[in-house]
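Please read the following points alongside the coordinates. They begin with one chain as a whole and then turn to selected elements of another.

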Amino acid sequence: MPALPDLAPIETSALAAVAAASDEATLEAVRIAELGKKGRVSLLMRELGGMSPEERQTAGPALNGLRDRLAEAISARKAALEANALNARLATEREDLTLPPRPDPIGALHPVMQVFEELAAIFGDMGFAVAEGPDIEDDFHNFTALNFPEGHPAREMHDTFFLRADAKGARKVLRTHTSPVQIRTMVSQKPPIRIIAPGRVYRKDWDATHTPMFHQIEGLVIDCEVHMGHLKTCLTEAFSRFFEVPLAQSRFRPHFFPFTEPSAEMDIRCDRSGGEIRVGEGADWLEILGCGMVHPNVLRTCGVDPDAYQGFAFGLGVDRLAMLKYGMPDLRPYFEADVDWTRHYGFKPWLLPTVTGGLS
Amino acid sequence: MKFTLSWLKDHLDTTASIDAIVDAMTMAGLEVETVHDPAARLKDFSIAKVIEAKPHPDADRLRVCTVETKDGVKQIVCGAPNARTGMTAVYAPLGAFIPGLDFTLDAKPRKIRGVESHGMMCSAKELELGEDHDGIIDLEGDFTVGAPAAEALGLNDPVVDFEVTPNRPDWLGVVGVARDLAALRLGALRLAPVAPVKGTFPCPVDIRIEAPDACPVFAGRLIRGVKNGPSPGWLQDRLKAIGINPKSLLVDVTNYISFDRARPLHVYDAAKLKGPIRARLGAKGDRFEGLDGETYEPTPDMCVIADESGAIGFGGVMGGASTGVSAGTTDVFIESAWFDPTRTARTGRATGILSDARFRFERGVDPQSHIDGLELATRLILDHGGGEPSEVRVAGQAPAAPATVNFRVADMRRLTGVAMDPERMEAILRALGFDPVITAKGRRKQDVWPVEVPSFRPDIEGSADIVEELIRIEGFAALPNTPLPPLNTVDRVVVTPLQTRVRTGRRVLAARGFLEAVSWSFMARDKAALMLGGGNALKPELTIENPIASDLDYMRPSALANLAEAAQRNADRGAEEVRLFEAGPIYPGDGPDDQQTMLTALVRPRTLRHWAEGRAPYDVFAAKADLFAVLTAVDFPPERLTVGEADGPHWHPGRAGVLKLGPTLTIARFGELHPGFLKALGCDGPMIAIEVNLSALPAGRAKPGKTKPVFDRADQTPVRRDFAFVVAETVAAGDIVKLAMMADPKLITGVSVFDVYRGSGVPEGSKSIAIEVTLQPRGAAMTDAEIDVVAKAVIASVAKGAGATLRG
């Protein structure tokens, strides 16, 4: 049995070869040459089988130690070579990160539509559901049922658009207010009723502060004991929330609407001193809506017993409300679909008005 | 409606300030629009006395005046020819704004030709009080130096303009305003009973009422020997203050009573009347020249006043020129009649005449005011124009006063939440001219009060109207703060499924780069016709009879024309790619259920240049992607729909289509708009659009609960196989997908088209369509043999259904 050669020079030369390997292929060749099936160290380990137990007791650990140290060195060298190779590759992969990304246009929602949703969120939280009705109305729903007598000058408060009479001679109108939805709701539902009705309305008027089409929101509450104190509190609270300022200083004034009795207008405080209107403070009053207790004639027309039920209604122009809250100086661009105006005054699609998350 | 403070004080004994009066009016429903106080503009100006006026040493036309003013004795250089020692003038201090010159005096004295001038003495024109600029104001009479000029000039009478709501014709007279202010406790109403003037001879003009519905009562009287000169100064001043030009005594008196008492009258030159006066309906051949110089032809639904010559005026609207009074009138016949409001309104609308008489009669003149009005006019005419009055002649009968209203006392609290003392209720009602009948039970125990309504209040019909009067005078500040009772909101849905779809659809499009538009519901009829397939498809009942503009005269069948024009406008202003959408109504018919909510989007594409890669411009498939995104978001799986041919003349015949549910229900449209349509609108193409009819989408199936089905993850990895088929050009890719799917609907979970190829290797008139088929095995992995079976089934199904061959 040949004696085991001196392992020290073997280890020295092998570690030198590992350290000298400059790429993974060379390193692999070194590994095969030392630790492969026919490698130098592997062959020496094969000799262990032929040794006496005494010889093996010293040679075994020595060889195992050598093998493990070599394997570890190769593994470490391999990791270093990989890291070098990755760094070299990454060094070639530099981008000019100041270049623009692929364009991804973001749209915007129209302020009037956003305000509709804000109001639906506020009134929805107070138990109001959203109702709708047609833009093309008959005279009955737009006027007669709302207690506008035929031929009465009250009808002239609304500059009405008329449609051409059909074959049967009936002439429809473009609704001049959202109040016909009150009628349609009371006819089709049993009290208690709590609705708001947003929508398009039409009046023949076109100047700096009027457009022939605009938006209104109507409210209606019918119950057994709802009175003007409820009306006042409900609207003060709703519009405090809408303007996101406490409207401690709002006031109600008598007015006339054929379909309410008593009728009122609601004013809020505003400040016009700085060239733009600020709501909720200041020396001036600004009218924001009309309201009142539903007229007994209207209840009767809808088949609601005015001795058993009563309630209030209100209506307001949403376009102007949006102007007040968001500072659009002019009404006319609302209907021009100007992309720059819409981007400027519009709302991001994920800005969903909620009572809990804030309205705007 | 305008009035002056001094005029109001004729009927209201008050010391209240103008501000207090205006506030009270506004808070009682008489909404004040403006208060014009001429004194406010003249507040800097005061009375001064010229102690001495000497010639200027260096200028012939100037005088150097020593003037006693509220600021002490001042030296003022003055160019007026009438400046003289001892005169009383109007002084403007340094720094004052001179309205007629639109100029503010320097704050420091200025030298005029070397002599310092410490202020100014003003002409009437400089104070905007008249055209007189020949000299400075030269006041006659006893004035105190320093007194406000407005007072000395009689210009301290503020003019109030307020909105008269249509329910309150009594507010069209100053007396009506005074009555409400008295009820508001701002003063005492001054309204003496009208003293009749005794006639000295029978009225020679006969009055015949031939249309009692139109004109139930007509009182008249003749005054002979009148001198119709200018009316007295105080009357002229009042009319001028409210914007009415004085004409002559007779005309001014009728105008005055119209505004003082809301009682219109008319005066005729009796010498020009022929035979009896008749109040009748218009007849064929009636024709007259109105006082406005226009010629009118009354129709049989109008009320006219006629004599033997025919119609000579519209009752309650406007008189005629042929019988009008002039400076030469000596015998005047005064008409004080009552005309039916509805008919007056109709006549007014039909003729377009806007007159103070029409305005009052159509709102309802006090039907019991005809005698008082006549007597008041007689008195004024006699006082200022002399003459001899006839007796009063009355034809017909005044309409009944408004019916007595039963006021249920509990309604006050029921409707307003305010507990009002019955004494206070009674006091308010009496102050407003109502007469509540309190029985022996006493007002506290009487549940219902019969309330007699004054004849000037046609608006009072029921208990709620009485409540309004009470709370209006008490003030809405008295309303309690009462929150609405909570409502059961657990199972209430605030928005309908359609409203939810509208919200979702709008937000999906906005998130995909679209800007929301709101465009008119009406459009030009010829543009509507372009989308409906010609003018024959237009419906008369969707045509606006009185459009705001001739090109906004038809209810839109689609918003596409509006959005296309808007996109073009934006492009003309330099916008690049324009993406617009609108969620709004369209009008297939005029019935209450015809209106539909359409989500319409439109893109005017532009190839976006980018440094890394060119992006394909927005095209029909991009539109389809946006459409699918909307449908998916509103929980309507697009796979349930089939693609069909475009169904309107405004769509590109080959690059647009519809999505249908079943064979007939069209849910959506998408694709390129027809170049001819765009050209007709004046738009440069191309434009690509989508329309989703959110109203037409069937409602989702109601589910018993909110729980979702149990999640079932496939336990095997899916297998994917590619196939390329050669088919005729006419075969639709969608059909190949469907046919492949049908080969094994259980195992095949997806088929996607990944290549469409024409060219070498594929015969002319054919194309190659490559699809990837996904199989999802469950339970055990598929063997090659099993996969082969499915593959063969796919090939067979597509071959049979589409005449396809597998591409080699």
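1. Helices (H or I, at least four residues) and strands (E, at least two) are taken here as DSSP runs, numbered from the N terminus. On that basis chain A has 11 helices and 10 strands. This is a predicted model, in which local features need pLDDT of at least 70 and side-chain atom pairs count only at pLDDT 80 or more, while totals for chains, interfaces and linings use all residues. Residues are numbered from 1 along each chain as its sequence is written, chains are lettered from A and ligands numbered from 1 in the order in which they are written, and side-chain values use heavy atoms, with hydrogens and water left out.

2. The radius of gyration, taken over C-alpha atoms, is 43 Å for chain A, whereas a compact globule of 360 residues would have a value near 21 Å (the globule rule being 2.2 Å times the number of residues to the power 0.38). Along the principal axes, the C-alpha atoms of chain A fill a box of roughly 130 × 55 × 45 Å.

3. Of the 360 residues in chain A, 53% are buried, where buried means under 20% relative accessible area, exposed over 50% and partly exposed in between, with a 1.4 Å probe and protein chains only. If a contact means heavy atoms within 4.5 Å, then residues 24 or more positions apart account for 65% of the contacts in chain A with a separation of 6 or more.

4. In chain B, strands β15, β18, β21, β22 and β23 form, in that order, an open sheet of five strands with mixed pairing, two strands being paired if DSSP finds at least two bridges between them. Its edge strands, each pairing on one side only, are β15 (207–209) and β23 (318–319) of chain B. Three bridges join β15(B) in parallel to β18(B), residues 277–281, and Ile209(B) stands opposite Ala279(B) there.

5. Helix α5 of chain B, residues 174–183, is mostly covered, with 10 of its 10 residues buried; among them are the charged-type residues Arg179(B) and Asp180(B). Just after α5(B), Arg185(B) takes a positive phi of about 65 degrees.
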